[in-house]
Amino acid sequence: MAPEKEIQCIQHRDDYQFDLVFVDEKKFGIRVRFNEDDAHPEIVLPISSLEYLWAFSHYCWVLTQEYAASQRGGSENFNCLGNERLKTSSKLLQWARRNLFDSGIERWPELGPRPMQDACCFDDSQVATELFLVALGWIMHHEIAHVVLRHPLIRTSFLEQEEREADQFATEWLLDGLKKNDSRFRKRALGVATAVLAIQSLEVDSTACLRNTHPDAHDRIFQNIELCGYAGDETIEAFCVVVLQYLFCQTTIKVNVDGNSFSEILSDLLFDISRAKNAPN
């Protein structure tokens, strides 16, 4: 995800001796824990969480590309299932979401998009894989940050502060050292956005999906996208606005598309999400 930092990554692995553990379980539960036998930290990667993150990455890419094409064509309305490309990607995402909350062990659908090593570089699945790898890298470095920053793996009064520190660590790990006009910066910033939007996608109708231990997803979007701002190019903000518009289309939260910029539209939208989440029942 950041090959220029390979030596630092190896150093962290050797210094803190953490392992990656793949498990079959439901719900979105990528996390750090300590091995009971030797007290070494483990990054737990539920396979259903990885599958959901890939399917979400795929749909985000397809959705934003089709939305942009619709805008260029002068359309005033956009159908999230308006063609076969969107329907196919959406169908996979719905399967991944059901699997995430039902058993977590369903087999990947035989038909439809899937990660492939030999996919064409312009294929939706290849782009989805690139976004997925960065998004996963961000989530994993968030968990590694808890180990490196020596955060206690128990609930404390500083819990939200520690989560924000871990977010910042992960975002800076991926982006530090890259100029904002570097194509790698754009790809990684889109991957960071995909990660926090995936978390938001699981909190549309509820509070935090991550065991109620993290800041609300909309707050994490604001904090991390601010670090990803693309120096006059609002690609990242536009990406977030389109995906959030899709995620909240069945709620009372509506996007004010008449803003002066995507940055302004995104800020207003995140404020409205926050206000709706904090409103008394």
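Which helix is aspartate 272 found in? Aspartate 272 sits in helix H9, and the views below get back to that residue at the end. A quick note first: this is a predicted model, where local features need pLDDT of at least 70, side-chain atom pairs count only at pLDDT 80 or more, and totals for chains, interfaces and linings use all residues. Residues are numbered from 1 along each chain as its sequence is written, and side-chain values use heavy atoms, with hydrogens and water left out.

**View 1. The largest nonpolar core and Phe56.** A nonpolar core here is a set of buried Ala, Val, Leu, Ile, Met, Phe, Trp, Tyr and Cys residues joined through side-chain atoms within 4.5 Å; buried means under 20% relative accessible area, exposed over 50%, and partly exposed in between (1.4 Å probe, protein chains only). The largest such core has 79 residues, and Phe56, Trp138, Leu197 and Leu244 touch the most other members. Helices (H or I, at least four residues) and strands (E, at least two) are DSSP runs, numbered from the N terminus. Not counting residues up to four places away in sequence, phenylalanine 56 touches Leu93, Thr194, Leu197, Ala198, Ser201, Val243 and Leu247, where contact means heavy atoms within 4.5 Å.

View 2. Among the buried ones are Phe239, Val243, Leu244 and Leu247. The cover over the buried residues includes helix H2 (47-72), helix H3 (84-101), helix H6 (183-201), helix H7 (217-228) and helix H9 (262-278). As for length, H8 (residues 235-247) should span 18 Å at 1.5 Å a residue, and its end C-alpha atoms are 18 Å apart, which agrees; the expected span is 1.5 Å times one less than the number of residues.

View 3. The side chains of aspartate 167 and arginine 220 meet in a salt bridge (2.8 Å, N to O). The pair links distant parts of the chain, with aspartate 167 in helix H5 (residues 159-175) and arginine 220 in helix H7, 53 residues apart. Aspartate 167 is buried, at a relative accessible area of 4%, and arginine 220 is buried, also at 4%. A salt bridge means a side-chain nitrogen of Lys or Arg within 4 Å of a carboxyl oxygen of Asp or Glu, and by that rule the count comes to twelve.

**View 4. Other charged pairs.** Arginine 184 forms a salt bridge with aspartate 182, with the closest N and O atoms 2.8 Å apart. Arginine 184 counts as partly exposed at 40% relative accessibility, whereas aspartate 182 counts as buried at 18%. Glutamate 25 and arginine 31 pair up through their side chains at 2.7 Å, N to O; glutamate 25 is partly exposed at 22%. Glu66, Arg85 and Asp124 are linked in a network of salt bridges.

View 5. Aspartate 272 counts as partly exposed, at 24% relative accessibility. Leaving aside neighbours within four places in sequence, aspartate 272 is in contact with Ile253 and Lys254. Aspartate 37 is 235 residues away from aspartate 272 in sequence and 47 Å away in space, C-alpha to C-alpha.
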